[in-house]
Structures are given as C-alpha cells and as structure tokens.
Amino acid sequence: MECTLKNMTQKSAMPPVVYLLGLTVFAMTTAEFMVAGMMPALADAMNVGIGKIGNLISLYALGMTIGGPVLTAVLLALRTPHKRALIWLLSINVAGGILAAMSTRYEMMAVARIIMGVASSATFGVALTLCADLVAPSVRGRAASFVLGGLMFSPVVGVPLTAFIEQHYGWRASFWLVAVLAALCTVAIALWAPADHKQDGANAEVVSLSAEFRSLLNRPLWAAFATSGLIIGATFAAFSYFSPIFLNVAGVSATSIPNLLAMYGIANIIGNAVVGRFADRHTLTVLVAGLSVLALALISFALWAELTPVGIAAFAAIGLTGVSLNPAMVARVMRAAAPGPLVNTMHTSVITAGLAFGTWAGGAAIDAGYSMRAPLWIGAAMAAVGLASLLPYLRSGLAQAPETACSTT
C-alpha cells in the first residue's frame with residue numbers, strides 16, 4: 001500500500017528538475033546544429049571552404065559517438081554520483097563552448113567542437129539516468145519526452161535564434177550565447193538537482209562500471225539500440241537532403257524552405273508530446289505504428305515528390321514520427337536494462353551513428369549519380385529494416401506491461 005501511494009504521488013507531476021534537464025538538452029542540441037545556420041560567416045572567419053565548416057558538425061557527432069561512452073566509463077570507474085558527474089560534464093561542455101567562441105583558427109574550433117561533442121553525449125546519458133531516478137519506472141518514457149523535448153525545440157527555436165544573432169551581432173555572439181546558457185544550466189543543476197538518494201552499497205551498484213558493463217551484455221538491449229539507430233538513420237537520410245529535394249524535384253521556391261523547416265520542427269514537438277503520453281504503456285505498439293508511418297511517408301515522398309502537397313504532407317509525417325519516437329526508444333532501452341549512464345550514453349552514440357550513416361548513405365547515392373529521390377528510398381529501406389527488427393519481440397510476446405516501481409527494488 002505504501003509503495004502504491006508513493007507511485008501515485010510520483011505519477012501526479014514531473015519534478016521541476018526534469019524540465020531543467022530538458023533545457024540542458026536544448027542547449028546541447030542547439031550547440032550541435034547551430035553551425036548549419038552560419039556556414040558562410042564561419043568560412044570567412046576561419047578562411048576555409050564551406051565543406052570544412054560542415055565537418056564541424058561531423059566532428060561534434062564523432063565526439064558524441066566515440067568519446068561519450070569512453071568519458072562515461074571513466075566517470076563510472078571513478079564511482080562519480082550522477083549529479084556530480086552531470087556538473088562535471090556540463091563544465092567540460094561550457095569550456096568547449098568558450099574555446100569555440102574565442103577561436104581564431106579552424107583547428108582551434110575543430111578541437112572545441114570535439115570536446116563539446118564528447119561532453120554532450122555523456123551529458124545526454126547521465127541526464128536521462130538522473131531523470132529515471134527521479135520518477136517511477138512506469139512514467140520514465142513520459143519523463144524522457146520532457147527531457148528530450150529540448151531536442152525538439154532546438155531546430156524550431158535554438159538554431160534559428162543563433163542564425164538571427166549571427167546575422168546581426170556576429171557568429172561569436174551566437175557561440176557565447178550557447179556557452180552562457182550551458183553555464184546557467186550547470187549552476188541551476190548544482191543548486192537544485194537532488195543528490196543521489198543512497199550513499200551505501202545499493203548506490204554503488206548504480207555507479208559501478210562493472211555493473212554497467214554487465215547491463216550491456218543483453219541481447220534485447222542491443223536489439224533496442226539497433227532499432228533506434230535505424231529510426232534516426234532513416235529520418236536523417238531524408239531530412240539532411242530535404243532542401244534540394246523540395247527545390248529540385250518538388251519545384252518549391254527557396255523562400256519556402258524556412259517555412260517547411262518550421263513546420264517540420266512543430267511536427268517534431270507535437271509528435272514528441274503524443275509519443276511521450278503512450279511510450280510507457282504501449283512501447284512496442286508506438287514503435288511499430290511510428291515506423292510504419294515513417295516508412296509509408298518516405299515511400300510516398302519518393303514516389304510523388306514532384307506533387308508539392310504530397311511532399312509537404314510526407315515531410316510533416318516524417319516530423320511527427322522519426323525523431324519524435326525518442327521517448328518510446330528510451331522507454332524500451334530502460335526496460336531492457338537498468339537505465340545507467342553507460343547504457344544511456346551508448347544509446348545516444350548508436351543514435352548518432354545512425355544519423356551519420358543515413359546522412360552519408362543519402363549523399364553517397366546522390367554523388368554516385370542516382371536521382372535526388374535516392375535518399376528517400378534509403379530512408380524507407382532503413383525504416384523497413386527497423387520494423388523487421390521489432391517482429392521477433394512482437395511474436396514472442398515481449399510487449400509486456402510496464403514494470404512497476406516496486407517490482408525489482
């Protein structure tokens with residue numbers, strides 16, 4: 001009875017720190033993609049070509065994919081409590097942001113971006129772990145939707161805002177803004193995030209590197225990782241090239257591209273909110289439905305891209321699913337293994353790898369002489385494989401009810 005009452009209290013509202021973690025993710029994601037909105041200015045400032053400036057996004061992603069898990073493992077080996085680890089990671093990210101804002105050479109900026117990427121990936125993992133600690137297991141997916149809401153708001157608010165600031169006050173002002181926001185999040189988490197509840201042997205299991213590695217020896221977990229990577233890869237195979245597809249195939253005007261991007265961002269926010277409501281109780285159902293819609297949208301876009309209304313509707317559907325399935329992906333991972341920092345950071349790394357592969361595959365297909373629709377077909381194929389990866393778990397009846405807060409502790 002006492003446990004039930006406790007769970008009901010936990011379900012009634014999200015702790016304020018969850019929203020603070022969402023703001024932190026917003027700052028990290030804006031820092032990752034802000035370069036896309038100021039490429040000409042950065043190219044002139046660093047005296048390099050646009051292609052090398054584009055590599056600054058890839059370097060950030062590379063830091064997330066490879067460096068994030070390594071840094072998380074180091075923190076676990078040092079048995080660092082979650083709150084303290086998050087503060088250290090955010091401090092490293094702030095240092096990288098300051099270095100980027102002060103950069104006078106491309107090499108200096110590249111190093112700063114790698115530092116920020118490494119810290120960002122580990123921050124995502126620890127933030128999701130701290131979020132899971134703050135709420136009942138039955139609402140972890142919903143809580144994750146609030147944390148990951150920062151990721152959804154970044155392309156709608158953060159990236160356009162940094163581009164606007166760059167146009168009026170210079171690119172350094174944009175970088176300083178993001179660094180200051182990350183610093184404010186660091187201070188706020190230091191002041192208001194609760195410390196780990198346990199300091200005894202039970203907590204040692206939470207921050208134990210060996211326990212985290214044991215959690216990774218888990219076939220359902222890696223199946224969940226694979227599905228997540230395929231979802232994000234399918235999405236970015238299309239999204240990375242949406243502008244030339246609309247311009248060269250659908251025939252829309254260049255002035256319409258910002259409006260399409262805003263529509264996509266709004267669709268992300270709506271999809272994230274809806275998925276977050278159902279991710280805990282209907283995790284696999286949400287993933288199957290979302291992947292089905294994503295695949296159909298990509299196929300429709302590829303077949304009828306020249307019909308502008310169809311292309312716009314398909315692009316909106318990709319926004320409603322795709323990245324918006326993050327809460328369900330997180331809920332599935334947290335059900336497959338204890339939601340520790342290394343597990344969550346590995347999940348972030350796999351997602352980033354999927355993003356990089358989808359973007360690379362779409363570009364490689366275009367460079368090989370295939371039509372501008374090729375990235376859409378690649379995305380559709382990845383979504384289909386993602387659906388196939390779910391079938392064994394549906395057939396074996398593993399779409400179990402959410403675990404209760406008192407079932408394992």
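**Exercise 1. What is the mean pLDDT of the protein chain, and where is confidence lowest and highest?**

Step 1. The mean pLDDT (the predictor's confidence in each residue, from 0 to 100) of the protein chain is 83. Of its residues, 89% reach 70 or more.

Step 2. This is a predicted model: local features need pLDDT of at least 70, side-chain atom pairs count only at pLDDT 80 or more, and totals for chains, interfaces and linings use all residues. Residues are numbered from 1 along each chain as its sequence is written, and side-chain values use heavy atoms, with hydrogens and water left out.

Step 3. Confidence is lowest in helix α9 (residues 201–206), with a mean of 42. It is highest in helix α8 (residues 171–192), at 95. Helices here are DSSP runs of H or I with at least four residues, numbered from the N terminus.

**Exercise 2. How many contacts does the model have for residues 197–206, beyond four places in sequence?**

Step 1. Contact means heavy atoms within 4.5 Å.

Step 2. Over residues 197–206, pLDDT stays under 50. The model has 10 contacts for them beyond four places in sequence.

Step 3. Turn to residues 397–409. There the pLDDT is below 50, and the stretch has 19 contacts beyond near neighbours in sequence.

Step 4. Where pLDDT is low, predicted coordinates should not be read in detail.

**Exercise 3. Which kind of aromatic pair do Phe 236 and Phe 239 form, and which do Phe 242 and Phe 315 form?**

Step 1. Rings of Phe, Tyr and Trp (its six-membered ring) pair if their centres lie within 6.5 Å; planes under 30 degrees apart count as stacked, over 60 as edge-to-face and the rest as tilted. A search of the whole structure finds 13 aromatic pairs.

Step 2. The ring centres of Phe 236 and Phe 239 are 5.6 Å apart and the planes stand at 80°, so this pair is edge-to-face. Both residues lie in helix α11 (residues 219–239), three residues apart, so about one helical turn separates them.

Step 3. Phe 242 and Phe 315 are stacked, at 4.9 Å centre to centre and 15° between the planes. Phe 242 is in helix α12 (residues 242–250) and Phe 315 in helix α15 (residues 308–320). The pair links distant parts of the chain, 73 residues apart.

Step 4. Ring pairs join these residues into a cluster, with Phe 246, Tyr 264 and Phe 301 also in it.

**Exercise 4. Is Thr 24 buried or exposed, and which residues does Thr 24 touch?**

Step 1. Find Thr 24 in helix α2 (residues 16–33).

Step 2. Its relative accessibility is 1%, so Thr 24 counts as buried (under 20% relative accessible area; exposed is over 50%, partly exposed in between; 1.4 Å probe, protein chains only).

Step 3. Leaving out residues up to four places away in sequence, Thr 24 touches Leu 90, Thr 123, Cys 185 and Ile 189.

Definitions and conventions. Helix = DSSP H or I, 4+ residues; strand = E, 2+ residues; numbered from the N terminus.
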